[in-house]
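I opened this entry to work through helices, cores and a few single residues.

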Amino acid sequence: MSHTLPEVRGSLSQGKLLSELTWLRVGGPADWLFSPADVDDLAAFLAAIDPDVAVFPMGVGSNLIVRDGGLRAVVVKMGRGFNHIEIEGNRVRAGVAALDAHVARKAADAGIDLTFLRTIPGAIGGAVKMNAGCYGSYTADVFVSAKAVTRDGKIVTLGPDDLKFAYRQTALPDGMVLVEATLEGPSGEPDALHARMEEQLKKRDASQPTKERSAGSTFRNPAGYSSTGQADDTHELKAWKVIDDAGMRGARRGGAQMSEMHSNFMINAGGATAADLEGLGEEVRKKVYENSGITLEWEIMRVGEPTP
């Protein structure tokens with residue numbers, strides 16, 4: 001990238017390997033990695049850089065495959081300046097780098113039920129952008145508003161109508177960087193909320209490979225909604241079920257594997273490249289389509305360029 005970049009108060013580095021920042025531990029270098037000090041630092045930076053320079057906002061890298069050739073962009077890594085959690089009444093205002101689990105726990109302390117966030121890997125920015133959810137609850141259900149910085153450096157407030165929440169997606173424009181979200185949950189007894197989260201964690205750890213390098217669910221459920229966790233939940237159109245039916249539980253390519261424990265979790269079993277992971281995912285999609293006529297849609301975001 002030949003463009004001159006402005007002075008910043010945060011950190012700005014060239015050629016940073018994104019494999020160091022993603023949960024799957026894969027990914028080539030970013031042209032530039034920018035960690036803004038605060039919202040004003042981010043807004044000034046975006047206003048100053050050439051409009052042709054691509055910008056990619058990144059949280060904790062929990063739902064992301066960066067391809068082995070890296071990203072021809074400025075990756076904006078939201079860090080310490082964006083992890084605040086503030087509570088007023090039944091509303092929680094959280095920076096986009098605040099971990100979902102931390103937000104759920106702090107809300108529970110204050111008697112606010114955001115318990116569904118406790119088992120979701122990642123941070124609030126990703127939860128908003130992807131309308132994260134589980135046990136029948138979604139970020140859209142508790143979303144009030146978000147603050148974001150546009151590609152030309154303007155600070156804007158977004159409501160539900162702006163984001164157009166759908167299953168595992170929103171209409172957030174490319175290049176717009178979320179910086180904060182306000183969520184509102186129903187009231188609950190703190191002890192009961194914490195007890196519920198402990199039960200959810202036990203259930204998750206018993207059924208998902210939480211000790212492995214994964215990025216959560218690999219594919220969206222064909223049914224178009226997440227598991228409810230209830231006894232009457234049906235499995236016919238769950239991603240893991242159609243993967244099992246296609247004989248792909250435990251399937252491997254290089255260092256990538258579909259988990260034996262939960263077949264909709266792709267893991268880096270050791271030394272996987274992004275190409276291994278994405279290639280295995282595409283093989284799973286092909287086998288599922290051949291077996292059932294269902295086309296699985298990726299839930300993990302895949303960005304960047306393959307190795308030439």
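The entries below follow the order in which I looked things up.

**Ground rule.** I am reading a predicted model, and local features need pLDDT of at least 70.

**Helix α2.** I started with α2, residues 100–109. Which of its residues are buried? I found Asp100, Ala101, Val103, Ala104, Ala107 and Ala108. They cover an arc of only 165° around the axis, so they sit on the same side of α2. I then looked up what they pack against. The partners are β6 (85–88), β7 (91–95), α3 (124–129) and α6 (190–207). Just after the helix, glycine 111 has a positive phi of about 75°.

**α2 against α6.** I took up this helix pair next. The packing angle is about 155°, and the axes are 8 Å apart. Over 145 degrees counts as roughly antiparallel, so α2 is roughly antiparallel to α6. Which residues meet here? From α2 I noted Ala104, Arg105, Ala108 and Asp109; from α6, Pro190, Leu193, His194 and Met197.

**Cores.** The largest nonpolar core has 51 residues. Which members touch the most others? They are Leu42, Met78, Val103, Leu114, Leu117 and Ile124. Leaving out residues up to four places away in sequence, valine 103 touches Ile85, Val92, Ala94, Ala98, Leu114, Leu117 and Ile124.

**Helix α8.** I checked the length of α8, residues 274–292. At 1.5 Å a residue, its 19 residues should span 27 Å, and the end C-alpha atoms are 27 Å apart, so the two values agree. Its buried residues are Ala274, Asp276, Leu277, Glu278, Gly279, Leu280, Gly281, Val284 and Val288. The buried residues of α8 pack against β4 (64–66), α7 (239–245), β14 (252–253), β15 (256–258), β16 (265–268) and β17 (301–303). Just after α8, glycine 293 takes a positive phi of about 80°.

I noted asparagine 131, with phi near 50°. Asparagine 131 lies in the loop between α3 and β8 (133–134). Is it buried or exposed? Its relative accessibility is 4%, so asparagine 131 counts as buried. I also noted lysine 164, with phi near 50°. Lysine 164 is in the loop between α5 (160–163) and β12 (177–184). Its relative accessible area is 57%, so lysine 164 is exposed.

**Serine 62.** I found serine 62 in the loop between β3 (55–58) and β4. Its relative accessible area is 8%, and buried means under 20%, so serine 62 is buried. What does serine 62 touch, not counting residues up to four places away in sequence? The contacts are Trp23, Pro121, Gly122, Ser214, Ala215 and Gly216.

**Threonine 307.** At 52% relative accessibility, threonine 307 counts as exposed. How many residues separate threonine 307 from glycine 69 in sequence? The gap is 238 residues, yet the C-alpha atoms are 4.3 Å apart in space. Leaving aside neighbours within four places in sequence, threonine 307 is in contact with Asp68 and Gly69.

Technical notes. Residues are numbered from 1 along each chain as its sequence is written. This is a predicted model: local features need pLDDT of at least 70, side-chain atom pairs count only at pLDDT 80 or more; totals for chains, interfaces and linings use all residues. Side-chain values use heavy atoms; hydrogens and water are left out. Helices (H or I, at least four residues) and strands (E, at least two) are DSSP runs, numbered from the N terminus. The expected span of a helix is 1.5 Å times one less than its number of residues. Buried means under 20% relative accessible area, exposed over 50%, partly exposed in between (1.4 Å probe, protein chains only). Contact means heavy atoms within 4.5 Å. The arc is that of the directions from the helix axis to the C-beta atoms. A nonpolar core is a set of buried Ala, Val, Leu, Ile, Met, Phe, Trp, Tyr and Cys residues joined through side-chain atoms within 4.5 Å. Axes are lines fitted to C-alpha atoms, for helices over the stretch in contact, and angles run from 0 to 180 degrees between N-to-C directions. Angles under 35 degrees count as roughly parallel, over 145 as roughly antiparallel, 65 to 115 as roughly perpendicular and the rest as oblique.
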